[in-house]
Structure formats: structure tokens, C-alpha cells
Amino acid sequence: SIEAPSALSNAVSSVFGLPRPSVKSASNFSSNSTAPAVQEHCQGFLTARWGESVVNQPTLNGDNQSAGKDIYALVILNTNCCGDSFERLWSLSTFRICADGGANRLYDMVVKLARKRGENPKELVRKYVPDVIKGDLDSLRPDVGSFYQSLGTRIIRDRDQSCNDFYKALSELRSMQLEQYPLSRMTVMALGAFGGRFDQEMAAINALYEWDQVFERLLLLSEQNLGFLLSPGRHRVVPNTLVEGPTCGLLPVGGACRGVTTRGLKWDLKDQVLRFGGLVSSSNRLAAKVVEVQTRDPLLWMSEIKPESWAKLAAAYSNGAAG
């Protein structure tokens, strides 16, 4: 049977829906105030050894004991996904959820992957079964829904048209986290966030702003892109150059971004304003292992993903040549 949203899921939607909590005041950046804490953004977990657990690995600020475990969740959206990156992200994840038609994409991608490798598609699709499929279910194919449901997937129909299926999936993930790992620090990886319809891409970017204060991190991913939000304050970004770069960008999607200062880019910025109709730092390049960014307003970080790297790394790890 198809479930209705749980009471906790509805409560999460209510608590973490609009309006979002206010962002840090620009007064934090005055020369007379105490410097705000630096937020760390490290993508090293993306290429940790395939056979090793990444749960509770040390983080840059080393506060795992007080914050609980670091866990990861994968949301598969209704656009094309890359098979090589998908397998890695799936293996990292504690929770796996499909946003409505994302289940179709998952099923079709695994079948295609099996045929490419000369494997039995019927066997391989049984290895990649999502925990939940959630949305208004206007895109989910009946055969795909029935198949996953027979293997234990929960299918939740949420008819609310005031939010999209990605939002509904995030709401469900939050309720799952609170029920099972209430003290955890959860990073959510949304696969398929770029490469489809532009309005859906913008909706995914909007989710970064809406959910900024909820999860430890929310990453938007596609075969060639990785994006996340830099909230007002100071940041240290540690790109994973095995799969990222060298191209990157700082995009003022939500409005003008004041006081943007960087260190570690080919074209650094110094207390500049980024805005559409003015300066936009697109097509910048990584020039250091760590990039420092300071901003008074929420700013979108984008970096290039090298799709061929996933397959190369997978082969290297399987041969014991990487670690």
C-alpha cells in the first residue's frame, strides 16, 4: 500500500518550511566585532576508500564526539544520473530516498549499467533498493513502484502542491534522521540536481537556502557539477581534486552578495559585491588546496566535476592502487 506522510514528517515540514530562520547579521563583519567562526567544507569523503566506512570519521573541526556520528543520505532526483558517481554515493549513504520519478531514473540507470557490464539486470536492480519513494507520485511508473515496494521500499504519496518532490524528500529524510540518529550530523547529497529542466535546477538551488539551517550540509550533484551554499560568514573550502576542479564559481543567486573576499582562487576577490547585472565570479579556477571565502550574504559555491574520474578511481581502488 501507499503511505500518507507521517505525523513527524508533517511536523518537520511545518517547522522547517518557510519562512527560513534569519541569516547572520552583517554586523558580524565589522572590524570592531569578534570574527565569526570559520565553517569547513571538505569533500574528502567522496573518495574515501570504497571498502571503508565513512561514519564517524574525524572532521576538520574535530567535534564528532559532541555532535554524534557523521552520516550521509542520498536523494535521487528525476533527471539523468551518472552510473559511476551513483554507485559511490550509494555506498556512502545510510539513507537512500527517491523523489517521485527519481525511482524511474534509478531503475533505468541500474538496468543500463548491468547491460554495459554484461551483468544480469534483474539481479543488479535488487542490489539498489531505496528506503523510500516520496512525492505526489505523478511521475512514478506503476511497474517501478510495484517492483521496489515488493522489496520493502516505503512509498509515500504527499499531495501537497505548495512544495516540490525534492522538498518532500528532504522533509522525510529529516524525520528519519530524528527518529534513528537524532544526534547525528547528516550530509545530504542530491544526485541529479543539474542537467534537467532549468526551473527544476533553480528549485534545487532554492532548497539550499530553505534547508541551510537544518542539515549539516546539503550538496547538489550531477555528472559534471557540485554546488552548495556558503552562508554569511567565513569559510574554508577543501575541494577534492581527485574529482573536482579546476573550474569553480561563486554565484550570487539569492541577491547581491556583499563583502566577498577570497584567497586561493586564480582570480581572488577583495571586499567586492557580486550581483547579477554586475560582477559574477564564474569560470574561476582553484589555485590552492584550501580556498578561503568571506561573505556577508548567502553565496552559491559551484565546482566542476570530472565524470571520468569516478570510473578511474573505482578501478584503482578495486586493484588496490589507491587509498
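How are H4 and H6 oriented to each other? Select helix H4 (residues 102–117) and helix H6 (residues 142–150): their axes come within 10 Å and cross at roughly 80°. H4 and H6 are therefore roughly perpendicular to each other, a label used for angles of 65 to 115 degrees. Axes here are lines fitted to C-alpha atoms, for helices over the stretch in contact, and angles run from 0 to 180 degrees between N-to-C directions.

Now show the side chains where these helices meet. H4 contributes Ala 103, Asn 104, Leu 106 and Tyr 107, and H6 contributes Val 144, Phe 147 and Tyr 148. A contact means heavy atoms within 4.5 Å. Of these residues, 6 are nonpolar, 1 is polar and none is charged. Ala, Val, Leu, Ile, Met, Phe, Trp, Tyr, Cys and Pro count as nonpolar, Asp, Glu, Lys and Arg as charged, and the others, Gly among them, as polar.

A note on the model before going on. The structure is a predicted model, in which local features need pLDDT of at least 70 and side-chain atom pairs count only at pLDDT 80 or more, while totals for chains, interfaces and linings use all residues. Residues are numbered from 1 along each chain as its sequence is written, and side-chain values use heavy atoms, with hydrogens and water left out.

Zoom out to the protein chain, which has 9 helices and 15 strands. Helices (H or I, at least four residues) and strands (E, at least two) are DSSP runs, numbered from the N terminus. Of the 323 residues, 49% are buried, meaning under 20% relative accessible area with a 1.4 Å probe, protein chains only.

Next, select the open sheet of 10 strands, in the order E5-E4-E3-E2-E6-E7-E8-E15-E10-E13, with mixed pairing. Two strands pair if DSSP finds at least two bridges between them. From one strand to the next, the twist averages 20°.

H4 also packs on this sheet, where H4 touches strand E2 (70–76), strand E3 (95–99) and strand E4 (132–135). The direction of H4 makes about 110° with that of E3.

Finish on E3, where 4 of 5 residues are buried. E3 pairs with E2 in the parallel sense over 4 bridges, and 3 bridges join E3 to E4, also parallel. Pick Ile 97 in E3: Val 75 is its bridge partner, and Ile 97 stands opposite Val 132 in E4.

Technical notes:
Buried < 20%, exposed > 50% of the residue type's maximum accessible area, 1.4 Å probe, protein only. Parallel < 35°, antiparallel > 145°, perpendicular 65-115°, else oblique.
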